[in-house]
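Work through the exercises below with the sequence and the 3D structure open. Try each task before reading its solution.

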Amino acid sequence: MTDQLQAATTGAPARPQAVASPLKPVALTTLIFGAFLPMLSFFVINVALPAIGSDLRASSGELQLVVGSYGIAVATLLVVGGRLGDTFGRKRLFLIGLVGFTVMSLICAIAPTIGVLLVARVVQGAAGAAVTPQVLATITSLLTGEHRARAMAMYGVAGGAAAAFGQIVGGVLVEANVFDLGWRAVFLVNVPVGIVGVAAAIRLIPETKAAKAQRVDLVGAALLALTLVLLLLPLTEGRPLGWPLWTWLCLAATIPAVLLLGAHQHRSERSGLSPLIPPTVLRLRAMRIGLLLAVAFFTTFGGFMFVFAIATQGEAHMSPLEGGLSLLPMAVGFLITSIYGPRLQVRYGAGLIVRGWIIQGIGYAVLAVAALTLWPDVNPLKLALPMLIAGFGSGLVMVPLMGVVLSQVPPAQAGLGSGILLTSQQTCLALGAATVGTAYLSLAGGSWGQGGALAAVALAITVISLLMTPVTHQLRSSGQGA
């Protein structure tokens, strides 16, 4: 993963810049940590959702929005944030984003109502979208060769650790209930950490800009945001409200919204501008396959993380800490593959992802059996084996996915492709909380119960995992390792 991630969300081709010295280790650590916080914030909230619902009297649909609204904001503004950094300076945008993220974390922590929390989460997501692309762009503009490869590996480990350990950290914070803060500590902990990060970034991170800035596609970002809201809002609010007319009208309106977004992207590209989602990149076979794999993985992964937190603290009567600890084996498997995944990718190529789908499917199948036979008498120890298997398989899918797909994309379009993949990642994490969450809550509210609903979700992920193996083989045919 070298030039493949050039300014991952800037939409610009790789353009190595010769510099006198690479980033110092402490500066690189500051950058990686700055990206880690927004990624962690998506997952850390899941285990706190039951406590938020009880304290703020929020419905299940509103709790889905606490997760989904953050993801929508990140997804729609990721590429925009990258291009703003190219134009006005990556360090400047990194600092603006980190300050905004820290302030919004404080507002989330003191939110008196669910409405205030939702608004703050949207702005927090927008701030996170300003931070992440600057990390990748700064790394690729200042580092080359082994230094860049090592930095990208650190970024991958940070992403894996955020996904794997987020809910564990959340469980510890909620359970500790320091100063009687409860769920609010999940947000408040970001404040001192963010302040330290800002101070370190001001002192340590050098400023960089793109040689030629790209125009920001604000219209495209607005149309993408509109499309996602029209889709996700009725999916999250429809079930608890009994599916009123406006939910169906919104769902129907997603079709013309998608068509309008597509027309705008084609028109922008024909005019020589920089569209948010370049149609020429989407026409590449490897990108289409990669997007299908990304949609399948991140939608199911984001949805599972949401429903697992609800289920373990529901009928299973686990505490937030026990719910988080139930994910520890998954976190361990995920972290191992995050560390060793890049090395395995060199040897196996897309074949590593095929193995990941199969192992993940086995893990979720075993989890479904446990949920059907043991529920509600489950605890972290009884769930350890399926969670370890599922985590190991998930890591083998997620860690190499971007690198394998982009290795089959022409180098001149790798930056554009990586921006599309990162946008789809954030979109599908939010989509998973809405779609998988709604399906789970509908089943759990009926005769299935929460154990049966969790088993159904796990089995559905198993089926999707197995269906994705022949799709992944299409990448292998392009010459990747077996």
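**Exercise 1.** Decide whether Leu 328 is buried, partly exposed or exposed.

Solution. Start with the cut-offs: buried means under 20% relative accessible area, exposed over 50%, and partly exposed in between (1.4 Å probe, protein chains only). Leu 328 has a relative accessible area of 36%, so Leu 328 is partly exposed. Leu 328 is found in helix H14; helices (H or I, at least four residues) are DSSP runs, numbered from the N terminus.

The model is predicted: local features need pLDDT of at least 70, side-chain atom pairs count only at pLDDT 80 or more, and totals for chains, interfaces and linings use all residues. Residues are numbered from 1 along each chain as its sequence is written, and side-chain values use heavy atoms, with hydrogens and water left out.

**Exercise 2.** Describe the surroundings of Ala 27.

Solution. First, locate the residue: Ala 27 lies in helix H1 (residues 25-44). Next, apply the cut-off: the relative accessible area of Ala 27 is 3%, so this residue is buried. Then look for contacts, meaning heavy atoms within 4.5 Å. Leaving aside neighbours within four places in sequence, Ala 27 is in contact with Leu 204 and Ile 205. Finally, take Ala 200, which is 173 residues from Ala 27 along the chain; their C-alpha atoms are separated by 7.9 Å.

**Exercise 3.** Do the steps again for Thr 102.

Solution. Thr 102 is placed in helix H4 (residues 90-109). With a relative accessible area of 9%, Thr 102 is buried. Beyond neighbours within four places in sequence, Thr 102 is in contact with Asn 190, Val 191, Gly 194 and Ile 195.

**Exercise 4.** Classify the ring pairs Trp 183 with Phe 187 and Trp 243 with Trp 248.

Solution. A pair of aromatic rings is described by the distance of the centres and the angle of the planes. Rings of Phe, Tyr and Trp (its six-membered ring) pair if their centres lie within 6.5 Å; planes under 30 degrees apart count as stacked, over 60 as edge-to-face and the rest as tilted. The structure holds 12 aromatic pairs. For Trp 183 and Phe 187, the ring centres are 6.2 Å apart and the planes stand at 90°, so this pair is edge-to-face. Both Trp 183 and Phe 187 are buried. For Trp 243 and Trp 248, the values are 5.5 Å centre to centre and 35° between the planes, and the pair is tilted. Trp 243 has a relative accessible area of 29%, so Trp 243 is partly exposed.

Notes:
Helices (H or I, at least four residues) and strands (E, at least two) are DSSP runs, numbered from the N terminus.
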